[in-house]
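Colleague: I would like to go through this model with you, one topic at a time. Could we begin once it is on the screen?

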Amino acid sequence: MLYQVYPRSFLDTDGDGVGDLAGVRAKLPYLRWLGVDGVWLSPIYRSPMADFGYDVSDHCAIDPVFGDLPGFDRLLADAHAIGLRLLLDWVPNHTSDRHPWFVESRSSRDSPKRDWYFWRDGHDDGPPNNWRAAFGGQAWTWDESTRQWYLHLFLSQQPDLRWSEPDVVDAMHGVLRFWLDRGVDGFRADVVHLISKDEELPDQPPELADIDLVGVHDHPGAHPLLRNLRAVLDAYPGDRVMVGEVNLGSAARLAPYYGAGDELHMVFNFSLLWAPWDAAHWAGRIAESEAALAPSGAWPVWVLSNHDTPRHRTRYGSEARARVAATVLLTLRGTPFLYAGEELGLADAEVPDGVRVDPGGRDGCRAPFPWDDQAGHGWAGEPWLPWPPDPAVRNAGALAGDRRSILHLYRRLLACRRRSAALHSGTWERLDAPDGVLAYERRAGADVRRIWANFGDEAVAGDAGGDWVVEVAGSGRGEGDPWDGRLAATEALVVRPVG
Ligand code: GLC
């Protein structure tokens, strides 16, 4: 299980109100206690922070707000010393407009780095094509000094790199090597499906003309680039991994990004993150993923929350539902990613007008992580965003002291997953279940677990079909006891055969 830390929001140790690497380092023992195997850090590189670090101006330096390289090395060493892996966020599709590469590129039409980015003449006084940018507006910005347009699929401060330029490939491989040489265990590759583009930059068809490209762009040229990236990682000793963000929806469209086991090691599957609270819907998405990925041995990645989407506790509306969701997330076949704070059952913060800072409207899920019930909740300074709801009660210290808390449920689920071969590597098979219930079996040889998740608001009879013991209950009720075959309202159970 991997755990996403959004460093700005995890823990501030130097009093500037922004989380830092020393804060992550201080909390490694907590992550170990929880049962985390590895940490993905959202970007920590030098950045003007127009997109809070996803606009990188130096890929090989730590932004001073987070710390410095020696501090990073200390964090990495401490993580490794307690058996935690560390993945960095790698942002290959674009840089900051303040990156020296782009500064050079925009300096003149004859710049040796001009072709590192997409510079084009316009059409009839307008931009070169009809592409839309992810945070609104057109995907092109006019540069008055060289009198051409440049492409940006996100903010205008995030110009897109042109990966058909071999020097760009070399430079970005060099970035990976810089961090691999320091000992990182891999990368989460940001919107990596976008890196290849048709050099003709054709218009989007009229039916797609009003939406940005992120959810639809799927160019075959990405695959050779990904194979080359894989080769960079494979040249290193140990297990180095790349998990890609590919926002194409269905698992069938993600499967090609695994290649023949020679492209991305893993690809985020967001289909549950986008699914409504409905058992049949979830069953369908999971079955679809199994059908698309299992035959080729592609390893799924499940995620319910991240720094781009309202938290699932907020989307589903109650902690009881968040407990059911956690039970499913941590018992599916594949690697689950947790987003820091979901183990506390955090909801999004209310962020009033005037306090909002993110151009993509994502501040609520980026609220600071409350560590204890004191006034500053463990933070050295006043945080950059408001606290999530009820921090005096819903904080790591208080929940760690309450064995019935959602935090302890996550911990028990993770421990159960580690103990059971069926759960961490077994097959997945859907079971017949009453309406409103998602049920499946995990099996590895003789090791078997069944998961019964009641999404509904009424108690139901599951179908025990044999003698089962409750191993983990979302509500904590009856663990270790024989299962009576019933599910309370909004309750999920992990059961194992008696004996
Ligand atoms: C990814 C990141 C998001 C960022 C965008 C541009 O979707 O998760 O936070 O804004 O890429 O880099």
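Colleague: How do strand E15 and strand E16 pair?

Modeller: Strand E15 (residues 437–444) and strand E16 (residues 447–454) pair in the antiparallel sense over eight bridges. Strands are DSSP runs of E with at least two residues, helices are runs of H or I with at least four, and both are numbered from the N terminus. Two strands pair if DSSP finds at least two bridges between them. This is a predicted model: local features need pLDDT of at least 70, side-chain atom pairs count only at pLDDT 80 or more, and totals for chains, interfaces and linings use all residues. Residues are numbered from 1 along each chain as its sequence is written.

Colleague: Which residue is the bridge partner of Ala 439 in E16?

Modeller: The partner is Trp 452.

Colleague: What is the strand order of the open sheet?

Modeller: The five strands are ordered E14-E15-E16-E20-E18, with antiparallel pairing. Strand E14 (427–430) and strand E18 (468–473) each have a single partner strand, so one side of each is left without a neighbour in the sheet. On average, neighbouring strands of this sheet are turned by 25° against each other, direction ignored.

Colleague: Which strands does helix H8 lie across?

Modeller: Helix H8 (residues 279–293) lies across E14, E15 and E16, and runs at about 30° to E15. Such angles run from 0 to 180 degrees between N-to-C directions, with axes fitted to C-alpha atoms, for helices over the stretch in contact. Contact requires C-beta atoms, placed from the backbone, within 7 Å.

Colleague: Changing topic, why is helix H10 largely enclosed?

Modeller: Eight of the eleven residues of H10 (residues 319–329) are buried, so the rest of the structure largely encloses this helix. A residue is buried if 20 or more other C-beta atoms, placed from the backbone, lie within 10 Å of its own. Among the buried residues of H10 are Arg 323 and Leu 329.

Colleague: And what covers the buried residues of H12?

Modeller: The cover includes helix H2 (28–34), H10, helix H11 (396–400), helix H13 (421–425), E18 and strand E20 (492–497). Tyr 410 and Cys 416 are among the buried residues of H12.

Notes:
Two residues are in contact if their C-beta atoms, placed from the backbone, lie within 7 Å. A residue is buried if 20 or more other C-beta atoms lie within 10 Å of its own, exposed if 12 or fewer, and partly exposed in between; C-beta atoms are placed from the backbone.
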